[in-house]
Amino acid sequence: MSAHGSPIPMTSRKSGALKGEAHVPGDKSISHRSLILGAMAIGRTEISGLLEGQDVLDTAKAMEAFGAKVTDHGSGQWSVDGVGVGGFQEPETVIDCGNSGTGVRLIMGAMSTHNITATFTGDASLNKRPMSRITDPITEFGATSYGRSGGRLPMTIVGAKSPVPVRYSVPMPSAQVKSAVLLAGLNAPGETIVIEKEATRDHTERMLTGFGADVSVETSSEGRIITLKGYPELKPQTITVPRDPSSAAFPVCAALICEGSDVLVPNIGLNPTRAGLFTTLREMGANLTYENERSEGGEPVADLRARFSPDLKGIEVPPERAASMIDEYPILSVVASFAQGKTIMRGVRELRVKESDRIDAMARGLRANGVEIEEGEDWWIVTGRGHGEVQGGGTCATFLDHRIAMSFLILGMASESPVHIDDGGAIATSFPIFETLMGELGAQITRNNH
Ligand code: S3P
């Protein structure tokens with residue numbers, strides 16, 4: 001939906017060759033964390049390249065409600081004057097995190113060990129998503145939660161008066177849960193320990209270390225064990241947010257499936273906990289290369305060059321790779337539709353509880369455009385039709401999910417008939433310049449006036 005709440009129906013037509021450079025926005029995960037950790041440091045954190053998507057803007061507003069001063073200096077330059085660990089004040093109003101699971105879950109974790117009460121809500125998508133994965137561990141710290149049935153928002157958290165440290169084994173692969181526990185542990189005494197069986201994105205661990213917290217990570221037979229010492233004094237940082245690999249996925253995948261394309265996507269963060277899609281695409285036979293590989297701010301970065309790839313083959317994606325590409329399965333399923341043979345995706349139960357049930361949303365929309373899908377609770381298979389064989393012509397429901405909306409618009413760029421979506425409003429949560437950027441490369445994406 002748009003900011004005014006009315007849906008934005010859109011259509012994507014077959015495009016010619018895509019050419020040029022795609023400068024995608026800053027990383028969403030790192031942008032949220034920059035604001036939250038900046039708010040928990042003492043002094044001014046300077047951030048450049050912040051993603052100015054609605055999700056991150058909602059987190060900025062929330063940090064102000066908890067007492068930090070967040071300033072937009074223009075052109076992606078922001079600053080946060082933090083209140084220090086333990087310094088959050090009680091918000092005067094309800095915290096509305098909009099569409100953002102990352103925002104609400106990380107903030108609930110961070111405030112749960114403060115002696116304050118806060119009430120959280122979100123949009124129709126966020127208010128359906130499970131929050132017990134956060135309320136379970138924060139209860140162990142001593143917080144109390146009052147939510148709707150099934151642990152849904154709106155929800156009030158009464159923070160712990162005298163927090164105790166926690167040793168918590170995260171039951172599902174989730175960087176949000178891991179991060180919420182670590183952020184809660186900042187304002188608890190002693191050592192908070194988080195164990196994750198499968199490695200998920202590690203931005204929180206890296207950034208906490210950068211802000212001066214004492215964090216150690218060891219790998220054992222149980223998985224990754226992360227230990228954080230409570231009550232650190234976080235020191236303000238100067239942060240350059242790398243460009244988002246999850247946003248880069250859209251122009252990259254569009255170039256692979258549109259005849260004659262050659263697109264450069266510069267400065268993309270290739271942290272191994274995020275780069276699974278690109279490995280998978282290369283295994284499928286994509287003409288995708290990393291140029292100018294380098295390290296920036298401790299993170300691997302490269303320019304991605306994607307060229308039209310007429311001979312893509314379906315593959316079985318290793319389930320242990322799922323966490324490193326969890327947000328990229330929708331767009332992978334679009335590429336898989338233009339490959340020969342089946343693309344098999346297993347171990348992806350978490351896709352059912354994202355901004356939408358992403359297996360269901362993609363299955364419905366791909367079927368409406370002539371692509372065959374089989375699905376189970378934690379797996380799905382796309383039977384590729386090959387280049388030039390995807391019919392299109394369907395209208396896809398997007399369920400307030402930005403990645404579903406963008407994926408179907410990319411589908412339309414290489415389908416025989418135009419592909420329609422019911423609502424592209426959610427794209428602004430993570431990739432507000434998507435239409436302009438894709439249009440400049442040569443896409444024919446329009447808003448339907450009716
Ligand atoms: C995120 C973690 C992932 C991902 C989300 C961003 C993060 O969610 O899907 O878009 O920034 O920590 P889960 O923790 O639910 O896997």
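Start by selecting Ala-175 and the ligand: a backbone N or O atom of Ala-175 sits 3.0 Å from an oxygen atom of the ligand. Keep in mind as you go that this is a predicted model.

Now colour by secondary structure. Helix 1 (28–39) and helix 5 (175–186) are the elements that give two or more residues to the shell around the ligand.

Time to show the whole shell. Select Ser-29, Arg-33, Thr-102, Arg-133, Pro-173, Ser-174, Ala-175, Gln-176, Arg-201, Ile-326, Asp-327 and Lys-354. Colour these by class and you'll get three nonpolar, four polar and five charged residues.

Zoom out and colour by domain: 10–26 + 242–447 for domain 1, and 28–230 for domain 2. Where does the ligand lie relative to these two? Both domains give residues to its shell, so the ligand lies between them.

Is Lys-61 buried or exposed? Lys-61 is exposed, because its relative accessible area is 63%, and the cut-off for exposed is over 50%. Finally, draw a distance from the C-alpha atom of Lys-61 to that of Leu-18: they are 43 residues apart along the chain, and the separation is 37 Å.

Definitions and conventions:
Residues are numbered from 1 along each chain as its sequence is written. This is a predicted model: local features need pLDDT of at least 70, side-chain atom pairs count only at pLDDT 80 or more; totals for chains, interfaces and linings use all residues. Side-chain values use heavy atoms; hydrogens and water are left out. A residue is near a molecule or strand if one of its heavy atoms lies within 4 Å of it. A polar contact is a pair of N or O atoms within 3.5 Å; within protein, one must be able to donate a hydrogen and the other to accept it, and residues adjacent in sequence count only if both atoms are side-chain atoms. Helices (H or I, at least four residues) and strands (E, at least two) are DSSP runs, numbered from the N terminus. Ala, Val, Leu, Ile, Met, Phe, Trp, Tyr, Cys and Pro count as nonpolar, Asp, Glu, Lys and Arg as charged, and the others, Gly among them, as polar. Domain bounds come from an automatic or database domain assignment. Buried means under 20% relative accessible area, exposed over 50%, partly exposed in between (1.4 Å probe, protein chains only).
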